[in-house]
Each structure stands twice: as structure tokens, then as C-alpha cells.
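Here are my notes for your read-through. Please keep the structure open beside them.

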Amino acid sequence: MTVKPNQPSLDAAAVPKRPSQSPKGFNMGYIFILPTVLVLGFTSVYPAIYATALSLFNWNWGNRMDFVGLLNYSNLFSSSEFWQVMLQTFYFAIGATTLELLLGIGMAVVVDQLRFGAGLIRTLLLTPLMVSGIVVALMSKIILDPMLGIVNYLLSLLSIAPSP
């Protein structure tokens, strides 16, 4: 191999180490992702483990906790009501996904063919996607609360019986 005078050779010993690796070979990338892993662990993994542990008890919201093991799961899986709810949830998920997909494709085709105002329409269509579903669910729960919600208050002003 001939080496030109102004080009460095590519010997293995001449290749410098990547700056993300310390002299002992420890990858600094692990340090950079550590905060994310810790946050996910404390906000996702820990609650899931804690909820699973609590499911092994018969608990009356702090008054008394009796260990029942897998009895709660046995009762759940032997309940016909549970399987009916699971079937309804499955139907809802399939139906909602299908409807959203068809509406989304239809709206995308219509917006794609617009000549004027397409950017504004796209912005208006994508704005709800930026709002967290959790925030919407919590606000709906507060607004529709049977005792303190604004909807029942407005219904009572109109002399309409509150929703249960």
C-alpha cells in the first residue's frame, strides 16, 4: 500500500478512541440515558409492581389488609361479568380504531386536495393530537362529576335532574 505524504495512515493503533469512551472502555452513553431510565422506572415500573403487590391483598382502603394471594385473580377470571366487559372492550377498541383510521384517511385525502388554507386546516386537525389524553380524561371526570361537576350544576339551573 502506498501512502501519500499528506495523508495519515489508517493503522489500528493510529485510530483514536471515540470521545464517548473512557480509557477503561466504559461507554458514557449509559450516563446520559440514566436519568431517563430512572424517571421511567419510578413512574412506570414501580407503580406496576406496587399495584401487582396490592392485588394480592383484600384491602379496605387502609383499614385492614388481608393477604389472599391469587384469590382476587381467581375471582376475576371466573366472573362472567369480567369476560363480558373484556369482550365489549375488544369490540370498542376494534371499532374505534377502524373508524379513526377511515376518518383519518378520508380527511387526509380531502386536505391533500385543498388548494387554499391547507396549512391552517392541517394545523387545526393536528392540534388535538398535541393535547394529552390523560388531561382530557381528568378534565372530563371533573366536569361530569355527579356531586361537584359543572354539567350537573347547569342541568339543575335548567330544572333537569342531575345525571347519576
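Which side chains meet in a salt bridge? Point 1 takes this up.

1. **Salt bridge.** The model is predicted. In it, the side chains of Arg 64 and Asp 66 meet in a salt bridge, at 3.3 Å from N to O. That distance falls within the 4 Å cut-off, so the pair counts as a salt bridge. A search of the whole structure finds one salt bridge. As background, side chains of opposite charge can pair when their charged atoms come close.

2. **Surroundings of that bridge.** Are the two partners buried or exposed? Arg 64 counts as exposed, at 56% relative accessibility. Asp 66 counts as partly exposed, at 28%.

3. **Helices H3 and H4.** H3 covers residues 80–112 and H4 covers residues 118–130. Their axes come within 10 Å and cross at roughly 160 degrees. Angles over 145 degrees count as roughly antiparallel, so H3 and H4 are roughly antiparallel to each other.

4. **Who makes the H3–H4 contact.** From H3 come Met 107, Val 111 and Asp 112. From H4 come Ala 118, Ile 121, Arg 122 and Leu 125. By class, the residues of this contact divide into five nonpolar, no polar and two charged. Asp 112 and Arg 122 are the charged ones.

5. **Aromatic pairs: Tyr 46 and Tyr 50.** The structure holds six aromatic pairs. One of them joins Tyr 46 and Tyr 50. Their rings lie 6.0 Å apart, centre to centre, with 20 degrees between the planes. Planes under 30 degrees apart count as stacked, so this pair is stacked. Both residues sit in helix H1, residues 29–54. Because they are four residues apart in that helix, about one helical turn separates them. Tyr 50 is partly exposed, with a relative accessible area of 44%.

6. **Aromatic pairs: Phe 90 and Tyr 91.** This pair is tilted. The centres are 6.2 Å apart, and the planes are 50 degrees apart. How exposed are the two residues? Phe 90 is partly exposed, with a relative accessible area of 49%. Tyr 91 is exposed, with a relative accessible area of 54%.

7. **An aromatic cluster.** Phe 77, Phe 82 and Trp 83 also deserve a look. Ring pairs link these residues into a cluster.

Technical notes:
Residues numbered from 1 in each chain as written. Predicted model: local features only at pLDDT ≥ 70, side-chain atom pairs only at ≥ 80, totals over all residues. Heavy atoms only, no water. Axes fitted to C-alpha atoms, helices over the stretch in contact; angles between N-to-C directions. Helix = DSSP H or I, 4+ residues; strand = E, 2+ residues; numbered from the N terminus. Parallel < 35°, antiparallel > 145°, perpendicular 65-115°, else oblique. Contact = heavy atoms within 4.5 Å. Phe/Tyr/Trp six-rings, centres within 6.5 Å; stacked < 30°, edge-to-face > 60°. Buried < 20%, exposed > 50% of the residue type's maximum accessible area, 1.4 Å probe, protein only.
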